[in-house]
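Here are a few notes to read alongside the model. Take them in order, with the structure open beside you.

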Amino acid sequence: MDILNFDGLIIGICTFLIIGVFHPVVVKAEYYWGTKCWWIFLVLGVAGTIASLFIENVLLSSLCGVFAFSSFWTIKEVFEQEKRVKKGWFPKNPKRTYHK
């Protein structure tokens, strides 16, 4: 007889980790590729959304959904990161030119 259900806890922990992984990904992606990498996150988001719709396991489906919408949010964050770099909050890539 199962008394405890850990699915919610696992989803919460994994959500925290997924969001935590995306922060340095945003910083590195903007540093090396600028905002032109946004479409990669769009593709990842669409793939995660489709996977979430077709996976029957609630835990895995939820995690795919979290991954998908974290990818969509990253599109916005890459453009915001460019603004933060221009303000001097993060280092500029010396091999790239930045437009004002």
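1. How much accessible surface does the chain have, and what share of it belongs to carbon and sulfur atoms? The accessible surface comes to about 7300 Å², and carbon and sulfur atoms account for 71% of that. Keep in mind that this is a predicted model.

2. Now the fold. You'll find three helices and zero strands in the chain, so reading from the N terminus gives simply α-α-α, since helices are what the DSSP runs here were counted as.

3. On to the overall dimensions. The chain has a radius of gyration of 17 Å, whereas a compact globule of 100 residues would come in near 13 Å. Along its principal axes, the C-alpha trace spans about 60 × 25 × 15 Å.

4. What about the inside? Of the 100 residues in the chain, 30% are buried. Take the contacts between residues at least 6 apart in sequence: 67% of them join residues at least 24 apart.

5. A word on charge. The chain carries 11 positive and 7 negative side chains. The centres of these two sets lie 21 Å apart.

6. Last, the cysteines. Why does cysteine 37 count as buried? Because its relative accessibility is 3%, and buried means under 20%. Cysteine 64 is in no disulfide: the nearest cysteine sulfur belongs to cysteine 14 and is 11 Å away, while a disulfide needs the sulfur atoms within 2.5 Å. The count for the model comes to zero disulfides.

Key. Residues are numbered from 1 along each chain as its sequence is written. This is a predicted model: local features need pLDDT of at least 70, side-chain atom pairs count only at pLDDT 80 or more; totals for chains, interfaces and linings use all residues. Side-chain values use heavy atoms; hydrogens and water are left out. Helices (H or I, at least four residues) and strands (E, at least two) are DSSP runs, numbered from the N terminus. The radius of gyration is taken over C-alpha atoms; the globule rule is 2.2 Å times the number of residues to the power 0.38. Buried means under 20% relative accessible area, exposed over 50%, partly exposed in between (1.4 Å probe, protein chains only). Contact means heavy atoms within 4.5 Å. Accessible areas come from the Shrake-Rupley method with a 1.4 Å probe; for residues, only the protein chains shown count as cover. Lys and Arg count as positive and Asp and Glu as negative; His and the chain ends are not counted. The place of a charge is taken as NZ of Lys, CZ of Arg, CG of Asp or CD of Glu.
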